[in-house]
Structures are given as structure tokens and as C-alpha cells.
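Look at how this chain is held together on the inside.

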Amino acid sequence: QVQLVESGGGLVQPGGSLRLSCAASGNIFRINAVGWYRQSPGKQREFIATATSGGITNYTDSVKGRFTISRDNAKNTVYLQMNSLKPEDTAVYYCHLFVAARGWPQQDYWGQGTQVTVSS
């Protein structure tokens with residue numbers, strides 16, 4: 001079994017920055033693709049960013065140039081650096097990891113979510 005713990009959310013003023021972390025622990029052999037999603041009240045969960053194990057990244061248009069996804073494979077941790085935050089970035093943010101465990105096929109896991117609020 002694999003556990004994901006997210007941290008780094010909070011309240012920030014427009015134009016500010018936050019860095020979200022998603023730390024994975026448990027029976028991990030390799031973390032493959034990773035991603036971040038967000039969900040605002042009354043809206044569906046939306047894709048934000050993804051990074052392959054080879055380092056290829058992809059972002060939704062609304063965050064390009066402002067958000068950066070990265071990963072520290074030695075720490076089994078994924079990050080989302082968010083700069084130039086806007087009120088419309090307010091949402092609960094979720095990490096999503098594809099993890100291969102020793103002796104088990106790849107499975108995907110979701111973090112518990114962390115609230116990001118952008119407001120003056």
C-alpha cells in the first residue's frame with residue numbers, strides 16, 4: 001500500500017506564491033507519471049500539470065508560465081510551485097501518482113487534497 005501526504009496550501013494574496021508538496025511512502029518501487037489537479041466548489045476536478053518519469057511536463061493553458069511541476073525521486077516527493085497566483089486559482093489541489101510497488105502492478109493514488117485560497 002502507498003500513502004500520499006500533501007502539504008503547503010494556505011491563504012495567499014493575489015500575485016503571491018505557494019509551493020505544494022506531495023510525499024509518497026509505503027511499498028514503492030518506482031513512481032512513474034505524476035500530476036496535479038484542482039477542484040473548485042461546484043466545478044469538476046480539472047487537470048493542472050503532469051510530469052513523466054523522464055521529465056516531460058505538460059500544463060493546462062491557464063497556469064502555463066506561472067506553475068511548475070517537479071519531482072524529487074530520491075524523496076518520493078512531487079512539488080507544484082505556484083507563482084503569480086490569481087483569485088481564480090482558489091481550489092482544493094490534489095496530487096495524483098502512478099506508483100509501481102515491488103511485486104505488484106502499477107496503481108494510481110490520490111492525495112488527500114490541500115486548500116489554496118487566493119484573496120486580498
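Cys-22 counts as buried because its relative accessibility is 0%; buried means under 20% relative accessible area, exposed over 50% and partly exposed in between, for a 1.4 Å probe and protein chains only. Cys-95 is buried too, with a relative accessible area of 0%. The model is predicted: local features need pLDDT of at least 70, side-chain atom pairs count only at pLDDT 80 or more, and totals for chains, interfaces and linings use all residues. Residues are numbered from 1 along each chain as its sequence is written, and side-chain values use heavy atoms, with hydrogens and water left out.

The structure holds one disulfide, a pair of cysteine sulfur atoms within 2.5 Å. This bond joins Cys-22 to Cys-95, with 2.1 Å from S to S. It links distant parts of the chain, since Cys-22 lies in strand β3 and Cys-95 in strand β9, 73 residues apart. Strands are DSSP runs of E with at least two residues, numbered from the N terminus. The link of Cys-22 and Cys-95 is right-handed, with 55° about the S-S bond.

Next comes the nonpolar core, a set of buried Ala, Val, Leu, Ile, Met, Phe, Trp, Tyr and Cys residues joined through side-chain atoms within 4.5 Å. The largest one has 30 residues, of which Trp-36, Ile-69, Leu-80, Met-82 and Leu-97 touch the most other members. Among the elements that give two or more residues to this core are β1 (2–7), β3 (18–26) and β9 (91–100). The most comes from β9, with five residues.

Which residues does Leu-80 contact, leaving aside its neighbours within four places in sequence? Among them are Leu-18, Trp-36, Ile-48, Phe-67, Ile-69 and Tyr-93, where contact means heavy atoms within 4.5 Å.

Conventions: Helix = DSSP H or I, 4+ residues; strand = E, 2+ residues; numbered from the N terminus.
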